[in-house]
Amino acid sequence: MAMTKSEPDVVADALRLPSGAHFVRCALQVNPHNYSGTHRGQASEGNPADYASALIAKAKELGIGVLAITDHNSVAEVPTVHDAAVGSGIVVLPGFELESAEGIHVLCIYPASTEMEKLGRYLGEFGIRDPRPSSRPSTKHFELLLQAVHAQGGVAIAAHVSGRKGLFQALEGQARVAAWRNEHLLAVQIPGRVDDLPGDFPRIVCNKNVEYARERPAGRALAVAVVNAKDIVQPDDLENPAATCWIKMSDPWDVEGLRQAFLDPDSRIRLHSDGQPEEHSELLALAWQGGGFLDGGAIHFNPNLNVLIGGRGTGKSTAIESIRYVLGLEPVGDEARNAHQEIVRHVLRNGTKVSLEVRSLNPSERIYRIERTVPNPPIIRDTSGQVSKLRPADVLPRVEVYGQHEISELTRSREKLTQLLHRFVRADADISQRKASVLRGLRKARESIVETTGELAQIDENLAALPQLEETLVRFQEAGLEERLRDQSLLVREAQIVDSIPERLGSFRNVLATLRQELPVDQAFVSQRALADLPGGPILHDVNQVLEELNSALETAARQLEEALVQAEQHIDAITSRWFDHKAEIDAQYQSILRELQKSAVDGEEFIRLRRNIESLRPLEERRNVLVRLQANQRQQRRDLLAEWEDLKAVQFRELDGAAKQVNSQLKGLVQVKVTAAGDRAPLFELLRNEIGGRLAEALERLEVTPQLSLRELADRCREGATTLAREYGLKGAQAENLASAAEGTLMKIEELELPSTTDLLLNTASGAIEPSWHGLDQLSKGQKATAVLLLLLLESDAPLIIDQPEDDLDNRFISEVVVERMRDNKRRRQFVFSTHNANIPVLGDAELILGLDALGEAEGGKAFIASQRMGSIDTPAVRILVEEVLEGGKDAFEKRRRKYGF
């Protein structure tokens, strides 16, 4: 990632920090050069140094990171292989293969730093005095041999357990049962899958044979750890899938990583038959620059479970909220929002720059760096350092961050719980687009209907005066004025015709203006540049010719229309000019007649005004007929749109309901999810308060408890009146009258509403019992509510989940019995970042990366720091000590810790 020369690349520095335990491909039964001649009766080709070099070269080619050298009763060639591996990045663990006094073969492996003199002494403790390779049995029985290897600081593996000289073949009866159940037996070596073992061995390994059953943590699949390993005689043997397996550890140089893997094989051992881990988006590194509390701090994240630990006030919450801040994510609750803003304002502080590097799989794998300096918005850089137009939501679209107590806050809102459920909906973008289009159509139709209805009302109001005017006209006609003022009376009708001529031409002028505005037709979308690299480009390029011909035709049509309108207007001007001359003659005669009428006290002017008023109203009748037909069409169009609107909402609810069923299947026996269509009626109540107002409290209460409320039906009942509302919904008096008096525009807005679905969670509080005991959120404790929500959050997703101290809101029993198991299973498919004081999460969850935070002083004036030696997994000694000292835990956590740490 390119940076400016003056600015240090703090993220690059962060990526060089430890990131905890990772899977390393291991070959744990590698034989040296002499093995072919000593144990196979075949001549060993070449010399030990060449063999060792070829072995290292093949291991590097295959991505093998650890070779355990386990010659029979000898460590003589370990230095040769070790020297060949220098600079290769491959770790060579010294060891040997022994045969117990009962005849059971055991691989004994020690730290890479173990000195040759010490290895020779270890062999002597097993009765092996001759340093040369041999097949002589040890003087120690199997149980004592395992115990001795542990005491020496090594790890032991029962070799080729189902083959000759293996535990299952070398022993029978109770002797085999006792050996299998020995507490020091942590791992056995098999050639492939457990299910492929012969006879009853798979049931024994899976702890399903009662006679052989061993104590093991709840939920663990195997009685002991199983690894794939086989005798490596030639470098090419490393290609055999049975020769290697993947073991997760922080430091391959120390066998503590192997020991921890054997204690927790479900989390830390992967055989070839297990397949590759699922790819997922992840946070790679986080760094702070500036004067804030975490200035100079940095984290190199692990792809799986990351846990921040430390005392109060050491910056754990600041680290979590920094991730939220740099990603531009808004808290879901008011309390969480206030806490987030306080941390940004007073702990991060203005001028602090937070940098986050991420690996995105959306839509293809890319590395991005997201930077945000308080108080500015985030920016995104690509691998070249260029600022991208993308937003954090485009790079990590489903990442989730929850602060302290925010999960608990989520449980108070059924609507926010529904938002969580949308994580599991395979959303159809086409449906969302269609909904938006239909809603626009409904709103446009409503506006048109309201406008048409208003114009009709105005016309009806005007036409209401027509009968009275016509009756008055009759009286004037009876007085003989109609005949005497006949020409002037008819002139009024002629004037109406002259005035209407521009209206007839105006619509065509509008058409011409629109046509001129749209010409020429846009051809950029089929240009040479736009079609470059498209396989169908040559075909689509022919569209240009079609559009050019269309342009030419439309230009001709526009020109002809322009000429026709100009010619028509010229002719009309000539005609109206002649008509005005005609009008002037009639007006002159009219003035003469008026003077004569004045002598007889008759008001001829009033008659003409009356005639003018009547003539101005007559066109309204025609307009009214047009509007009535238009309104009928508008209402039909709206009915069609409403039907489609309801269908689309129903489709989306079925998707949500399907997601609920999917969640129920995955959380069977733990959590049940129930969704209610249109369960959130707040948008309806807000609309009624804003549009109608008045006293509506009782009406809203009745509508709140009405099951399966239909908005279209409610609008129709309002149109039918207060009596219908009282009968259908139990509304009374002024409440019903208020709703019945709602304007048609308001009723149409009700029909256009979308009431969100609501979600209810039920938790089985008798987890593990035969009979479940289901309780809704309103019946659960605060901790149980948060547990139900967290189980939902832990379900399948390929985006990171970041939570600050989830144990603050959770039931401690559920953490150890349910939550941690879900976390262990899902961390293979997504990244978790938690801060915690509870040992259950990093220990029982077997966190790949544990980060110990410390601080000097208070947040606003002090400084937090994360020492690199306190970054690692529990197979890192400094981290293990930190876990023992800092974290609190329940009985189960400490029992697991006792087994892992030996106290």
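Author: Start with helix H8 (residues 173-180), where Arg 176, Val 177, Ala 179 and Trp 180 are buried. Buried means under 20% relative accessible area, exposed over 50%, partly exposed in between (1.4 Å probe, protein chains only). Helices (H or I, at least four residues) and strands (E, at least two) are DSSP runs, numbered from the N terminus.

Reader: What covers the buried residues of H8?

Author: The cover includes helix H6 (142-151), helix H7 (167-170), strand S6 (187-190) and helix H9 (201-205).

Author: A note on the source: this is a predicted model, where local features need pLDDT of at least 70, side-chain atom pairs count only at pLDDT 80 or more, and totals for chains, interfaces and linings use all residues. Residues are numbered from 1 along each chain as its sequence is written, and side-chain values use heavy atoms, with hydrogens and water left out.

Reader: How do I read a sheet?

Author: Strands of a sheet pair through backbone hydrogen bonds, either parallel or antiparallel. Two strands pair if DSSP finds at least two bridges between them. Here, an open sheet of six strands runs S11-S10-S13-S14-S15-S16, with antiparallel pairing. Its edge strands, S11 (298-300) and S16 (387-388), each pair on one side only.

Reader: How many bridges join S14 to S15?

Author: Three, between residues 366-373 and residues 379-381. Glu 371 has Ile 379 of S15 as its bridge partner.

Note on methods. Contact means heavy atoms within 4.5 Å.
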